[in-house]
Amino acid sequence: MFVKMIIEACLILLAVCMVEGDDCLLPCDCPSEAPLCPLGTSLVLDGCGCCKVCARQAGDPCSSLEPCDHHKELYCDYSILSDTETGICMAREGATCDLGGVIYRSGETFQPSCKHQCICMNGEIGCVPTCSNAVRLPSPDCPSPRRVKIPGKCCEDWVCSQDQGGDPFQAAMAVYREVPAYGQELESPRDNCIVQTTEWSECSKSCGMGISERVTNDNEQCQLEKQSRVCMIRPCDAPQEKSIKKGKKCVRTPKSQKAMRFELSGCTSTQVYKPKFCGVCTDGRCCTPHTTGTIEVEFMCPEGDTFLKKMMFIRTCSCHHDCPRDNDIFLSTHHRRMIGDYEN
């Protein structure tokens with residue numbers, strides 16, 4: 001995968017060299033702030049390798065200076081239009097997606113509902129929510145916040161309502177410790193915070209890169225927030241059945257024999273890892289993570305940008321008959337308790 005990233009970087013540099021003569025102005029003259037791209041649209045370097053621009057999507061006109069979204073495996077096809085300097089963003093050959101009887105091409109984005117923006121990627125569907133998932137914590141001025149449906153709006157909004165059934169301050173102060181009235185003045189809300197953290201949710205995919213989430217108020221403001229981490233229970237193309245020993249029905253927690261780099265949205269981890277995965281069984285059981293750790297992994301994109309992302313690393317797995325559903329476009333509602341997740 002690292003070799004693939006190097007090849008992509010070389011292709012970008014080659015494109016830069018091809019357009020630098022006529023269209024590029026050197027030195028680069030870019031806006032002070034990068035443009036704000038629509039939801040699900042990548043921010044990429046222009047054809048000169050100078051400025052960040054919003055990548056063109058499937059069906060959009062493209063050029064050497066207005067590149068297609070390579071994270072979605074789109075390319076600029078110059079054979080469609082008579083204008084040799086302008087093309088149309090097309091998806092590379094890949095499997096289509098079927099959602100509710102509607103067929104989507106690989107690389108095509110769509111909205112199955114107003115609450116989700118989705119994309120088809122070589123037979124797999126990935127979605128991101130269009131509505132805010134922020135959680136509002138009770139407070140003295142809003143002891144009973146609740147989400148309500150607003151007529152004419154897709155997403156629910158938070159409203160404050162007085163709780164008639166009890167002390168209005170009881171719920172508001174549920175996450176705070178009691179302190180003496182004349183005690184030392186607190187420096188921040190965190191000093192008086194009772195940390196509440198949910199368990200990590202089940203990984204959204206049974207193979208390949210997925211997402212796991214939790215809610216916590218372990219922050220300086222003592223406010224509930226949703227955290228996410230990427231996760232990989234097992235590679236999709238690994239024939240794990242071959243590693244089951246004779247007389248056994250399962251391989252529980254196989255370890256990668258070769259060092260590997262993780263790939264996320266066209267970007268590759270800067271370090272190599274030998275992660276553990278959950279195995280498979282031949283008797284109908286499934287193997288899922290039992291104990292995990294969470295560490296930050298650095299990824300590098302073909303444009304040269306780097307970013308850190310929390311990632312789940314498996315320590316042990318358990319094999320059982322309480323199996324989650326197959327891959328879904330939304331996060332699995334199946335929940336199986338994991339113990340002892342460690343932050344590194």
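Two strands count as paired here if DSSP finds at least two bridges between them. Helices (H or I, at least four residues) and strands (E, at least two) are themselves DSSP runs, numbered from the N terminus. With that in hand, let's start at Tyr 75, whose bridge partner in E5 is Met 90.

Before going further, a word on the model. What you're looking at is predicted, so local features need pLDDT of at least 70 and side-chain atom pairs count only at pLDDT 80 or more, while totals for chains, interfaces and linings use all residues. Residues are numbered from 1 along each chain as its sequence is written, and side-chain values use heavy atoms, with hydrogens and water left out.

As for pLDDT, that's the predictor's confidence in each residue, from 0 to 100. The chain averages 76, and 76% of the residues score at least 70.

Strand E4 and strand E5 (residues 87–91) run antiparallel and are joined by 4 bridges. They belong to an open sheet of 3 strands in the order E3-E5-E4, with antiparallel pairing. Its edge strands are E3 (61–62) and E4 (74–77), each of which pairs on one side only.

Follow the chain out of E5 and you come to Ala 95, in the loop between E5 and strand E6 (97–99). Is Ala 95 buried, exposed or something in between? The cut-offs are under 20% relative accessible area for buried, over 50% for exposed, and partly exposed in between, using a 1.4 Å probe and protein chains only. Ala 95 sits at 36%, so it counts as partly exposed. Leaving out residues up to four places away in sequence, Ala 95 touches Ser 106, Cys 120, Asn 122 and Gly 123. Arg 105 is 10 residues from Ala 95 in sequence, and their C-alpha atoms are 7.4 Å apart.

Strand E8 (residues 109–113) pairs with strand E9 (residues 116–121) in the antiparallel sense over 3 bridges, and a hairpin of 2 residues joins them. Here Phe 110 stands opposite Cys 118 in E9. E9 then pairs with strand E10 (residues 124–129), again antiparallel, over 6 bridges, with Ile 119 opposite Gly 126 in E10. That hairpin also has 2 residues between its strands, and Asn 122 in the turn has a positive phi of about 50°. Asn 122 is one of the residues that Ala 95 touches.

Another positive phi turns up at Cys 222, about 55° although it is not a glycine. Cys 222 lies in the loop between strand E13 (209–216) and strand E14 (225–232). With a relative accessible area of 0%, Cys 222 is buried.

Key
Contact = heavy atoms within 4.5 Å.
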